[in-house]
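Subject: Handing over the structure

Hi,

Here is the structure I promised to pass on. Have a look at it first, and then read on for what turned up in it.

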Amino acid sequence: MAGNLFREALIAMAVCPQTPHALEAEGDVRNTRCRRPSGATDILTIGANPTPVVYLSGLFQRFGWTVHAAVNLEDAIEFLQEHKAAVAICEETLPDGTWRDAERILNSFPNAPMFVVIGSDRTILDEVLAVGGFDVLTRPLRESEVIWPVASAWHQWMKRFQSQDTGGPPCSDA
């Protein structure tokens, strides 16, 4: 059991040097915090297949990350009209489009989420990167191959969001 706790702690540290929840800074600065922007979700999943949603929710909610599921592109658009999302993880094929449609539309939103595609293989990586996407996750999803790219995408979005001077004080490592 202690081994599992140690493993969980290592995974949590690997997820991101900065977690989405408030972090108190020690020292002379009073109540300096790094917070997820108000109304922001950490991960927006887009796709009709419930398996990746359940897997990603279980994987990231144990770290306190928020995950919102959209079954299609239309639902994702409606969600982003009212909320922000740091990372959008999109199935390669959607009921109402493809990942290309999703990337193009989501990228048009202010503070667009970092875009990650779940695909059958990494052959689409160059295309995803060329249109501004962040990475490709391949099936079967494996914890060791999911946590780092998604946490890195979240961290990059947070740094970009904070550099626009739209959200609280910058993270200590931003």
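Which residues form a negative surface patch? They are Glu74, Asp75, Glu78 and Asp96. A patch here is built from residues with over 30% relative accessible area and no salt bridge, joining like charges within 9 Å and nonpolar side chains (Val, Leu, Ile, Met, Phe, Trp, Tyr) within 5 Å. Asp and Glu count as negative and Lys and Arg as positive, while His and the chain ends are not counted. Each charge is placed at NZ of Lys, CZ of Arg, CG of Asp or CD of Glu.

Before going further, a word on what you're looking at. This is a predicted model, where local features need pLDDT of at least 70 and side-chain atom pairs count only at pLDDT 80 or more, while totals for chains, interfaces and linings use all residues. Residues are numbered from 1 along each chain as its sequence is written, and side-chain values use heavy atoms, with hydrogens and water left out.

Now the overall layout. The protein chain has six helices and seven strands, and along the sequence they follow the pattern α-β-α-β-α-β-β-β-α-β-α-β-α. Helices (H or I, at least four residues) and strands (E, at least two) are DSSP runs, numbered from the N terminus. Of the 174 residues, 45% count as buried. Buried means under 20% relative accessible area, exposed means over 50%, and partly exposed is in between (1.4 Å probe, protein chains only). The areas themselves come from the Shrake-Rupley method with a 1.4 Å probe, and for residues only the protein chains shown count as cover.

Glu74 is partly exposed, with a relative accessible area of 47%.

Next, the salt bridges. There are six in the structure, each being a side-chain nitrogen of Lys or Arg within 4 Å of a carboxyl oxygen of Asp or Glu.

- Glu143 and Arg62 meet at 3.1 Å, N to O. Glu143 is in helix H6 (residues 143–163) and Arg62 is in the loop between helix H2 (50–61) and strand S2 (67–70), so this pair ties together parts that are 81 residues apart in sequence. Arg62 is partly exposed, at 37% relative accessible area.
- Asp135 and Arg122 meet at 3.2 Å, N to O. Asp135 belongs to strand S7 (residues 135–138) and Arg122 to the loop between strand S6 (114–119) and helix H5 (125–130), so the parts tied together are 13 residues apart in sequence. Asp135 counts as buried at 15% relative accessibility, whereas Arg122 is partly exposed at 42%.
- Asp101 and Arg104 meet at 3.6 Å, N to O. These two are three residues apart in helix H4 (residues 99–106), separated by about one helical turn. Asp101 is partly exposed, with a relative accessible area of 24%, and Arg104 is exposed, with 52%.

On to the aromatic rings. How many aromatic pairs does a search of the whole structure find? It finds three. In the pair Trp157 and Phe161, the ring centres are 5.0 Å apart and the planes are at 20°, so the pair is stacked. Rings of Phe, Tyr and Trp (its six-membered ring) pair if their centres lie within 6.5 Å, with planes under 30 degrees apart counted as stacked, over 60 as edge-to-face and the rest as tilted. Trp157 and Phe161 are four residues apart in helix H6, about one turn of the helix, and both are buried. There is also an aromatic cluster, formed by Phe60, Trp65 and Trp154.

Two backbone details are worth a look too. Arg139 and Pro140 are joined by a cis peptide bond, with omega about -5°, and Pro140 lies in the loop between S7 and H6. Asn111 is not a glycine, yet its phi is positive, at about 55°. You'll find Asn111 in the loop between H4 and S6, buried with a relative accessible area of 18%.

Finally, two contacts along the chain. Leu44, in strand S1 (residues 40–46), counts as buried at 0% relative accessibility. Leu125 lies in helix H5 and is buried, at 18% relative accessible area. Leu125 and Val136 are 11 residues apart along the chain, and their C-alpha atoms are separated by 5.8 Å.

Cheers
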